[in-house]
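I hope they are handy when you decide which parts to look at in detail.

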Amino acid sequence: MALLSRYGDKAKLIAGGTDLLVDMKNEKINPQYLISLMKITGLSYIAEEGDVLRIGATTTLRELEESQIIEKRYGLISKAVKCLGTVQIRNMATIGGNICNAVPSADLPPALVALNATLKIVGPNGERTMPLEDFFAGVKKTKLSVGELLKEIIVERPPARSGTAFIKLSRTAEDLAIVNVAVRITLNEDDTCREARIVIGGGVGPTLIRSREAEKLLLGKKMEEELVKRAAEVACTGFSCRPTSIRASPEYKAEVGRVLVKRALLEALKKAGGVVEDDERN
Amino acid sequence: MREFKIVGKSVKKVDAALLARGKPLFTDDVTFEDMLHARILWSPHAHARIRDIDTSEAEALPGVHAVLCYKNVPRVPHTSAGQGWPEPSPYDMFMFDNKVRYVGDRVAAVAAESEEIAEKALRLIKVDYEVLPAVFDPEKAMEEGAPVIHDEPDCRQVLPLFYDPKHNHCAHIEVKTGDPDRGLNEADIVIEHTIKNHYAQHCALEPHSCISYLDPMGRIVVRCSTQVPYYARRIIAQCLQLPERMVRVIKPRIGGGFGSKQEIVVEDVCAMFTLRTRRPVRLVFTRPEVFVSSRTRHPMIMRVKTGVKRDGTVSAIKMRVISNTGAYGPHCMTVLGSTCAKTLPLYRCPNIEFIGDTVYTNLLNAGAYRGYGVLQGTFAMGIMMDEMAHAIGMDPVDFWKKNTIRVGETSPIFSALSEIGKGAEQKVDSCALPECIDQGAAAFGWKEKRERYRNQPDGPIRRGVGMVCTVHGGTVALLDASSVTAKMNEDGSFNLLISASDVGGGCDTVLSQIFAEALDIPLEDVIVYPTDTDVTPYDKGAYASGTTYLSGLAVIKTAEEIKKQILKVAAEMLNEPPENLRLEKKGVVSTKSGKRLEFGQIAKRAMYSKNQFQIAATASEYSHLHPQTFTAQFAEVEVDTETGQVKVLYYVTAVDCGTAINPTLAEGQVEGSIINGISYALTEEFIFDENGRVLNPSFRDYKIFSAPDIPKLKTILVPSYDPTGPFGAKPIGEPAMDGVLPTISNAIYNAIGVRLTESPFTPERVLKAIREKRGR
């Protein structure tokens with residue numbers, strides 16, 4: 001912390017380095033100092049405490065992938081992590097890095113936002129928490145103040161009658177997402193929708209998008225396919241994609257966004273134990 | 001078919017253990033104490049004249065030893081294409097010129113104490129550009145009034161070939177056999193399509209690399225990652241205006257080439273720096289440089305018209321091709337020629353018309369890339385064959401069988417055209433294509449899958465199957481040659497000195513196997529030494545799928561010469577006529593007396609005892625014809641009609657490559673080709689901005705397949721024997737790659753009824769095609 005406040009914005013924090021070092025190599029950034037987090041003990045852990053999961057910021061993606069707790073009870077994280085890069089990258093990259101680097105195409109943040117994750121941030125003035133959803137300020141920009149660092153990610157266990165889904169579309173298995181979608185659905189006893197969280201990432205805007213409007217459409221209603229389709233359409237109206245993206249055009253992202261949101265909602269609905277309309281794929 | 005002892009066995013690659021242990025085997029694995037590092041300044045403009053260039057500040061920077069640009073190097077028109085001599089590619093390149101012709105063209109270069117200093121010096125070079133209008137569309141480049149890319153007076157074709165640079169027109173080919181118009185008139189159905197393939201880079205793991213230095217005699221030694229060491233020596237000497245004796249090229253292990261290293265891309269600049277500074281110099285491309293400033297595949301626009309009769313006979317093929325060679329013309333004519341000469345002999349159709357043009361544009365420099373025009377031609381014809389079969393309601397398997405060439409037959413194309421002019425009469429000496437089709441279809445489950453997917457329920461995810469047959473003639477007939485030297489050691493082992501250039505494919509192993517088989521010795525008694533132009537004799541190098549075939553023939557000839565010498569010595573020792581003697585298990589046995597001599601005894605006698613001489617031989621062979629390798633390929637795909645994503649689920653390739661000298665390595669060539677092909681078909685793509693600049697020169701943005709993307713593959717090596725090849729072998733490096741684009745296009749068509757005629761089949765393009773069809 002002392003180093004961080006001494007060097008201010010001349011310094012960059014480094015964890016796994018899988019983004020930072022690439023940017024430095026490509027001369028996109030040129031920090032004077034690197035402060036490594038990897039030797040700080042007690043920043044790497046996966047701990048389940050009742051209905052809450054605490055993940056230390058320097059926990060590697062590979063550790064998340066291999067965690068039985070996550071696989072069993074927080075499957076959405078597991079699914080998103082497995083889609084991310086290669087094993088070699090996952091061995092080095094950390095959850096904190098994947099969040100704090102604030103790349104719009106990152107795979108983990110949509111899944112974590114869908115699970116209503118909050119962040120524990122420490123800084124010169126002590127500790128504060130913030131919903132992950134509010135953390136991103138733009139492309140590669142976060143709401144961390146100078147001298148602050150991310151310490152922990154807290155994920156709440158999905159309530160009963162919940163279902164989740166993560167879908168990523170990319171050119172190759174290890175590529176960044178063209179679009180990724182994470183959803184969490186919770187149903188009432190009568191199978192109507194009690195809560196929906198729809199999060200879209202993959203460079204559909206400067207930050208990931210949570211579509212409250214689409215979520216609202218579903219609230220209190222039976223999630224029939226027509227409604228789900230409409231929600232998917234609404235969810236994908238707010239895209240502001242970079243027109244120069246190498247991976248896909250804005251038009252394509254919007255079009256497949258609708259498809260993926262629809263599919264993710266139906267998949268989550270099925271997992272939540274809701275009545276699934278005839279899935280036309282079967 | 002013959003029984004073999006070592007040929008036909010999947011022995012381990014002779015260099016496998018060394019590579020696995022990370023021994024310093026590659027170009028860039030060595031270093032010198034006083035070595036300089038070279039970096040090149042690249043053009044930011046697609047087309048510009050350099051009014052002036054000021055290198056004084058760069059030269060003044062401490063640590064900089066030399067700066068090269070058009071002002072201080074000899075102006076030698078040449079081609080970077082590693083081809084025979086004289087080359088059939090235009091002399092339209094200069095080490096440095098006062099004009100740049102694409103974004104990424106050479107402007108100047110610096111050699112300095114470190115790469116960092118060299119980079120810094122590049123930024124100090126002041127270039128005054130007069131930016132010229134650029135042309136990126138090959139069809140517009142041919143129009144009257146288009147910007148002339150090669151307006152220099154000294155560019156020329158060395159051979160008496162068509163060349164019209166004033167119209168950006170660098171090759172023209174016309175071939176006509178039979179009566180194509182009558183063939184079309186006689187057809188029941190005429191089909192027409194415009195088919196386009198796209199630019200791609202080879203993506204060899206090892207970038208273009210070179211380290212050059214002076215030997216104590218003042219000769220330039222060039223250690224480089226090349227497929228063509230002898231051509232490299234010749235072209236380096238040409239560019240530096242030195243006799244060949246002043247240049248020595250050493251080819252160490254190579255980390256893949258696929259055609260991109262059949263060009264002199266870094267060697268001339270590196271060697272020139274050594275000549276100027278008298279110091280060792282290293283020039284190794286970065287990945288973005290490999291993408292932009294090495295070589296790429298020729299994109300072609302192919303307008304094809306074919307006629308078919310109801311009985312399933314193809315009655316006419318008309319093909320009109322425009323090939324985009326980019327800013328320079330290495331291989332521009334021969335790639336185009338191969339699109340006709342090496343593709344169309346597959347079809348049993350007498351009425352063929354081919355008209356092809358290659359055009360300069362201000363885009364990336366195309367060159368040799370696995371497939372070499374045949375890939376493009378097969379893309380077009382593979383789709384046309386599928387469309388014709390569909391139009392007359394015939395199963396493609398039956399349609400391909402009916403219309404493809406058979407053993408003992410000839411094609412009028414053979415004599416009408418070779419890569420560089422009129423071709424040679426030849427017939428098909430071996431052809432197991434019908435067996436390839438049958439065995440491939442059976443292993444794939446063609447009939448069952450076609451039936452199953454015809455009746456698949458509605459839904460957004462659709463499956464389908466497609467097939468294609470390919471032929472690929474290896475070597476450049478009558479021009480390519482190979483030589484091999486072997487000498488015997490006291491223990492009965494042999495040094496095998498070859499310039500056949502193993503670039504990773506395994507020819508060091510395969511040629512050792514052929515030599516061991518020919519002399520009946522164990523593989524470990526062959527010490528293979530590749531390539532050093534001071535030591536190993538001339539060979540064309542690694543291209544045109546020709547190494548196993550042609551260098552293999554030279555190896556056998558050399559072994560025959562050695563055998564004669566061994567028998568002569570043994571006859572003296574045993575006092576029996578040589579006719580009584582034969583080779584057996586590293587020894588000589590008399591069929592009369594039953595006496596046996598070991599090779600070691602014979603070698604020692606020859607070296608030390610009586611009538612002393614070195615048992616050694618050099619023999620050469622040239623290519624008399626294009627050996628024809630056939631494949632039948634089958635793909636099963638899944639198309640997501642809502643996202644446009646295409647997934648290959650299963651890919652079967654049945655191959656007739658004659659005798660597979662080393663089946664595992666042959667399968668490796670096939671699987672490598674198929675993965676290379678699927679990756680090209682589905683994801684690989686250069687993206688340009690409106691000024692012709694590549695926007696994605698990195699593996700992060702230009703995606704190639706990696707392990708998790710590879711579908712289930714099956715390779716079937718169908719037994720076959722070619723009487724012209726070494727122990728019956730035929731080429732294998734390229735033929736499988738040729739068929740992947742159309743096989744996948746055909747499978748997509750089968751799945752969703754939408755025809756994709758423009759590659760790559762990215763989700764966005766597939767979705768667009770679906771929408772266009774629905775809109776109709």
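**Notes on the model**

1. Let me begin with residues 21–133 of chain B, a span that is 13% helix and 31% strand, with its end C-alpha atoms 52 Å apart. In UniProt, an unreviewed entry lists these residues under "domain: Aldehyde oxidase/xanthine dehydrogenase a/b hammerhead". Please keep in mind throughout that this is a predicted model.

2. On confidence, chain A has a mean pLDDT of 93, and 97% of its residues reach 70 or more. Within chain A, helix 8 (residues 108–114) has the highest confidence at 98, while helix 1 (residues 2–7) has the lowest at a mean of 81. One stretch calls for care: over residues 278–282 of chain A, pLDDT stays under 50. For that stretch the model has 11 contacts beyond four places in sequence. Where pLDDT is low, the predicted coordinates should not be read in detail.

3. Now to the charged pairs. How many salt bridges are there over all chains? The count comes to 81. Chain A contributes a network in which A:Glu133, A:Glu156, A:Arg184, A:Glu195, A:Arg197, A:Arg210, A:Arg212 and A:Glu215 are linked by salt bridges.

4. In chain B, which residue does B:Arg49 pair with in a salt bridge? The partner is B:Asp151, and the closest N and O atoms are 2.7 Å apart. B:Arg49 sits in strand 2 (residues 48–54) of chain B, and B:Asp151 in the loop between helix 4 (138–141) and strand 7 (169–177), so the pair ties together parts that are 102 residues apart in sequence. Both partners fall in the partly exposed class: B:Arg49 has a relative accessible area of 28%, and B:Asp151 has 30%.

5. Two other bridges in chain B are each formed within a helix. B:Glu451 and B:Arg454 meet through their side chains at 2.9 Å, N to O. They are three residues apart, about one turn, in helix 14 (residues 446–454) of chain B. Is each of these two side chains partly exposed or exposed? B:Glu451 counts as partly exposed because its relative accessibility is 40%, which lies between the 20% and 50% cut-offs. B:Arg454, with a relative accessible area of 53%, is exposed.

6. For the nonpolar side of the surface, have a look at B:Leu478, B:Leu479 and B:Tyr622. These residues form a nonpolar patch with about 300 Å² of accessible area together. B:Tyr622 is in strand 23 (residues 616–622) of chain B, and its relative accessibility of 39% makes it partly exposed.

7. A few backbone details deserve a check. Most residues other than glycine have a negative phi, and most peptide bonds are trans. Another joins B:Ser759 and B:Pro760, with omega about -5°. The loop that holds B:Pro760 runs between helix 19 (740–752) and helix 20 of chain B.

8. A:Glu27 is not a glycine, yet its phi is about 60°. A:Glu27 lies in the loop between helix 2 (20–25) and strand 2 (33–36) of chain A, and at 67% relative accessibility A:Glu27 counts as exposed. In chain B, B:Asn575 has a positive phi of about 55°, again without being a glycine. B:Asn575 is placed in the loop between helix 16 (547–574) and strand 20 (581–584) of chain B, and is exposed at 70% relative accessibility.

Key. Residues are numbered from 1 along each chain as its sequence is written. Chains are lettered from A and ligands numbered from 1 in the order in which they are written. This is a predicted model: local features need pLDDT of at least 70, side-chain atom pairs count only at pLDDT 80 or more; totals for chains, interfaces and linings use all residues. Side-chain values use heavy atoms; hydrogens and water are left out. Patches are made of residues with over 30% relative accessible area and no salt bridge: like charges are joined within 9 Å, nonpolar side chains (Val, Leu, Ile, Met, Phe, Trp, Tyr) within 5 Å. Accessible areas come from the Shrake-Rupley method with a 1.4 Å probe; for residues, only the protein chains shown count as cover. A salt bridge is a side-chain nitrogen of Lys or Arg within 4 Å of a carboxyl oxygen of Asp or Glu. Helices (H or I, at least four residues) and strands (E, at least two) are DSSP runs, numbered from the N terminus. Buried means under 20% relative accessible area, exposed over 50%, partly exposed in between (1.4 Å probe, protein chains only). pLDDT is the predictor's confidence in each residue, from 0 to 100. Contact means heavy atoms within 4.5 Å. UniProt positions are given in the numbering used here, feature names are shortened, and annotations may be inferred rather than shown by experiment.
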